[in-house]
Structure formats: structure tokens, C-alpha cells
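Subject: Structure for you to look at

Hi there,

Here is the structure I promised to pass on. Have a look at it first, and then read on for what I found.

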Amino acid sequence: AKAEKGLAVRDASREEKIIQKLTENVGEPGTSYIKRIYDGIFAASCQLEHGNYGVLGGVNLNSKSPFIHKAFGNDNYRVFRVAAEDLQGFAAENGLDGYNITIPHKVGIMKYLDEITPVAAAVGAVNTVTVRNGKKIGHNTDVAGFCDALAFHNITVRGKKVCVLGGGGASKAVCFACEKENAKEIVTVSRTGKIGYADTAAYADAEVLINCTPVGAGKGNADCPVDINAFNNLEAVYDLIYEPEMTRLVYEARQKGINARNGLYMLIAQAAYSHELFTGTCPGTEALENLYRAMSPERTVLIGMPGAGKTELGRLIAICDNASRADTDEMIENETGMRIPEIFEKYGATRFREIEKEVIKRLAADPPDVISFGGGAVLDKENRYYIKSMGKVYWVLRDAEKLDKAGRPLSVDLKKLAGERYPIYESLCDVKISNDGRISEALEKIMSIKEKSGH
């Protein structure tokens, strides 16, 4: 009835009037009790009115959409993994009041719908379907979500040359949005399009790079869709991938001082627009920003010289936060059954670094809350990406004269070693923490920083 009359599912003013009428001449505590009861009734009623929704994707779909829509108040939201050959059957009969669409069905679903909105038709891809009186209508909220994300991250395409990687449904929405935002030029690069990845001359002068491919997706994935060094004038990078939190593309761009962001805010924003199509209510900007922060995990990563106290600090942080932890040196010793000096003595530094690299790669695929790394882990370029991608990096500093040398595999001059490694630590760290005094002081500094950042 509300949908037919164009009324919102939740109407705060209407609900307030109901409460006022019910509590006339009741007084306290009766008013408080009645309000609590009816707030619950409104919420339960709202949930029923939301109907049944979900997200449609391929057979390997792994989506955060149910979490996001639940945060918006919609528990009746499920995941549907459908092969391309079963798409028509799903579209014809699924019993849903609406659903989102992701890779690889954003284009394929269109021929099975009754109506396509002008924006979705212009884009050539649908990411949201609503069902009204049996009619299936295709929408595209990726465009608006992408524009909101650019604004949130202070990225502008107006008057810029934009390079878009990929030719699928997401790429179509991004190109449409860039045209809408008055980009000077848009170059689409794909494996099968007119401009391929080898045609660097066509996109080397781009000022904004947007990745719409799945290359680099998934925790522990160090793949990168394009060499960032191929670009001469790059000012900003936006990667639609949101897991891992920092893709290799974002990492490489940030190492060059470029404003580079992942696709999480776009995912949340487009979901908010879809939620409005489903229910008639749209979460406010504050709700989106709060959800973005909540979904941006800030794991604690500790790097620094051997003997700087990283292992003990990691243990104490994990205790304070009741969090999971890992220490790469401890993992190596547990897995090999040997002390690290023994590994160096028996197999040499090269073999130790190979073992260490494998351990770090495994950690990146499922990182714990607190991770401390061996002092030389940063020497490998791929390790540096994994370290940075896992969370907020704290460089634990201790004067070379105070470094704990007991049981250390290296007998070289620690001051010389520090001179070689400090520039790498500097390039990776987000925060420097002095551990020259009592370890409790360093711990207190880290916990204070985590508290201020909401983590």
C-alpha cells in the first residue's frame, strides 16, 4: 500500500505522531515503555515491508553486499550464484522483489527484463533490478555510486584524460560517469578492445587511471593490471576492487605519491542507491561514511630492525585488543623446527628469505589482527607490498646501541644495516614509534593512536 501511494517505508514524523497519540496523559515511565515497544514494532514492520532481495553473480561470487544491506536495515538479502546458461531461468522466476547484479551478468541480464531505465540503457549495463506489479525494471546505480566515491576521495576527472581498464559492465558505467563529469578524454584499455595493454602510447599521458578489471582481487593477490611506471602524468588512481583493502595497483601508485583509492566507498554508495530503489528510503551520507570506516579494517603491522621489540609489542597489543596475532620469525621457527640462527648457519640467508617470503604470502591471504615482521622481511619488493597491504604499518625504532642482539642470525655492523634498511622502513611506515625507553610507553602510544582512529 505504501509503495502504491509513494510513501516511504520509514517515516519518522508519522511514527512520532503515533507515539504522541499513544502516550497522551500517560506520563513517565509509561511513555518510555510505550516508545520502546513501538520502536520495535516499527522496525519489525519495516523489515517485513522491505521484501526479499539479494545479489546475483557468477558461480564463484563472494560478496559484501549482504553485510552492507543488513547495515541499512534489510536482513532479507541473500546471495545467488548463477551460471550464464541459467540466467534466463533465474530472471523469469526467482520470487524476489528486487536484486543487485554483479560480474559477469550486468550486461547479460538486460535481455530478460521488461524495462530498462534511460541511464542503464545509455550505460549498456544493469546492476539493480526492481519488480513492480510483476514488471522487472533494470537500473544502474554504479554511475551515481562512482561519482560519489570520486567526490569522497577528492578525485576529479573534469578536464582530465582518463584511462579506464576493462570493457565489462563496470567499465561502461565508469565511462558514462566520466563523460557526465566532463572528462577531457576517455581511453578504454582492454584485452579485446581497440586499445590493448601493449598500446602504451595511447594512455601513457593519462592523468586519472581507473581499474574496472578483476586483476588483483582477493586477499594475498599481488597481481597488477598495468605497470604504473608506464604513466607520465598520473594524478589519481581509483581501483574498483575493494578486497584486498590495498591492491598492488593502489600500493604502487601510493609509493609514487599518487592519490590512490580502492572501490569500497563506491560499493557502499551504489548499494545505498539500490536500497532506496528497493525500499523508498536512502541512508544518509553520515551512515555511508560510518559504514565505510567500519568496513575498513586497520590491522596493526610492526616493522623495524632486529631486536627493536616488535615481537613483544605485537604480543602485548594482541592481549590489549583480545586480538589474533602472528610473528613471521615465530612462524618460521615453528614450521621448520629450527631456530633462525640455525637456518642461516645450515642453509644460508637466501634459503631463509625464500621461507620467509612464502610465510608472508600465506599471511596476506588471511591476515590476523596484529602482525610483526622480521627485520629483513622488507628487503624483498613483493614482501613490501604484502606488508603494506595488511594494515597500518608502525615502524618500531630503537637506537642501534640498544638493539637486542641475543640469538640474532646476523653478525654484521647493525649501524651499517640500519643505514641500508631505514629508507625502506621509511617508505612503508604510517607511524614511527620509539621503543628506546620502557616497552609500556611504546605500547601506550600505539594503543592511543588506535583508539583515536576508531580501531
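This is a predicted model: local features need pLDDT of at least 70, side-chain atom pairs count only at pLDDT 80 or more; totals for chains, interfaces and linings use all residues.

Of the 455 residues in the protein, 49% are buried. If you draw a box along the principal axes, the C-alpha atoms fill roughly 80 × 70 × 40 Å. Inside it you will find 17 helices and 16 strands. Looking at contacts between residues at least 6 apart in sequence, 67% of them join residues at least 24 apart.

Ile41 sits in helix 3, which covers residues 30-50. Its relative accessible area is 42%, so Ile41 counts as partly exposed, since that class lies between 20% and 50%.

Arg384 is buried, yet it has no salt bridge. The nearest side chain of opposite charge belongs to Asp380, 7.1 Å away, whereas a salt bridge needs the charged atoms within 4 Å. What does the side chain of Arg384 reach at 2.8 Å? It is the backbone oxygen of Val378. Leaving aside neighbours within four places in sequence, Arg384 is in contact with Val378 and Leu379, and also with Tyr251, Ile424 and Leu428.

Enjoy exploring, and write back whenever you like.

Best wishes

Terms used
Residues are numbered from 1 along each chain as its sequence is written. Side-chain values use heavy atoms; hydrogens and water are left out. Buried means under 20% relative accessible area, exposed over 50%, partly exposed in between (1.4 Å probe, protein chains only). Lys and Arg count as positive and Asp and Glu as negative; His and the chain ends are not counted. A polar contact is a pair of N or O atoms within 3.5 Å; within protein, one must be able to donate a hydrogen and the other to accept it, and residues adjacent in sequence count only if both atoms are side-chain atoms. Contact means heavy atoms within 4.5 Å. Helices (H or I, at least four residues) and strands (E, at least two) are DSSP runs, numbered from the N terminus.
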